[in-house]
Amino acid sequence: MLNEVLLTILTIFISGLLGIWLPGFILGRNPNQKNIRLISGFVIFVLILIIGRSLLNPDPQKQAEKILVKTPVFQTLKEKNSSAYQSLLSNVTTSAQNGARTDDLILDAQAKMMPVFKKYLVNSSDKHLRAFLTQQTAVLKTIRSQNNGGNQCYYNLFPRPENIIRAGENPDKAQVNAMLRIMNDVLTSSHDKEVTPPLSPSFAEPALLKVSVKNETQYGKDILLLDYPTAVSNDDERSKICDMTLNMYESLLEDPSPEASMALRIKASQ
């Protein structure tokens, strides 16, 4: 906020100087042209002020889209589902207005794209499904290890339009970029007519039960938080949900069985 005020004052100051100096430089100092110089000076002041403000404060939506279109997955979404892309753009424009940096904006867009992306992910091959969840888990573990990481991890899992997903002080760009590439692979392969098995909770139950027992041993009654993950109200509970979710995905990803793949597909659909 302070920087914006200082830039505004500087813009007004420079506009005023040019408004005073340019008319005299162009028209000379003839006393008979004093009124013309005053009018010209005022016009120059207003024009330079408008131009300066537009340069210092570009259209946030255009700035957000300029960042998004450089990343293939968002460009692919724009081509495949323009309405979903416009909704995403609206959300990240709000983030840009609230001070999100480029790295934040990319991670924020990735998280807020998930409700739409899940539809493609659930119908993708086991290979693509596991590749994405493996990379997402790696990114979330990195986020979790940072300051206030529990909250950031939670809001990445359950994003809200009013929250900015922060990449952290030292974001691992390689991890995030790898995840975005895999997401693009999922989107671009969605036309392959690949047959995926229908969701079957009963088939996945053995794998899910094994993970549930493991989490219950470690977290006790806190495991009940996973039944209503969006109803929590404090940082500690959000951090526990993040940790239990990461444990669940890691355990299922270590299990190569079809039951575990079905469990991953079910969890990805929720």
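Analyst: A definition comes first: helices are DSSP runs of H or I with at least four residues, numbered from the N terminus. The model is predicted.

User: How many helices and how many strands are there in the chain?
Analyst: From the N terminus on, the elements run α-α-α-α-α-α-α-α-α-α-α-α-α. The chain has 13 helices and zero strands.

User: Which helices each supply at least two residues of the lining of the largest pocket, and which gives the largest share?
Analyst: Helices α7 (114-122), α8 (126-144), α9 (149-157), α11 (201-219), α12 (235-254) and α13 (258-269) each supply at least two lining residues. The largest share, four residues, comes from α11.

User: What volume does the largest pocket have, and which residues are closest to its centre?
Analyst: The largest pocket holds about 690 Å³ of space. It is lined by 24 residues, and the closest to its centre are Leu226, Thr245, Met248, Lys267 and Gln270.

User: How many residues of each class are in the lining of the largest pocket?
Analyst: The classes are nonpolar, polar and charged, and Gly counts as polar. By class, the lining has three charged, six polar and 15 nonpolar residues.

User: Is Leu88 buried or exposed?
Analyst: Leu88 lies in helix α5 (residues 82-97). Leaving aside neighbours within four places in sequence, Leu88 is in contact with Phe74, Leu77, Ala109, Lys112 and Met113. Met113 is 25 residues from Leu88 in sequence, yet the two C-alpha atoms are 6.5 Å apart. The relative accessible area of Leu88 is 3%, and buried means under 20%, so Leu88 is buried.

User: What percentage of the contacts in the chain with a separation of 6 or more joins residues 24 or more positions apart?
Analyst: A contact requires heavy atoms within 4.5 Å. Among contacts with a separation of 6 or more, the share from residues 24 or more positions apart is 73%.

Terms used
Residues numbered from 1 in each chain as written. Predicted model: local features only at pLDDT ≥ 70, side-chain atom pairs only at ≥ 80, totals over all residues. Heavy atoms only, no water. 1 Å grid on protein atoms, 1.4 Å probe; cavity = no way out; pocket = protein on both sides within 12 Å on 5 of 7 lines; lining within 4 Å. Points joined across faces, edges and corners; volume = space filled by probe spheres on them. Buried < 20%, exposed > 50% of the residue type's maximum accessible area, 1.4 Å probe, protein only.
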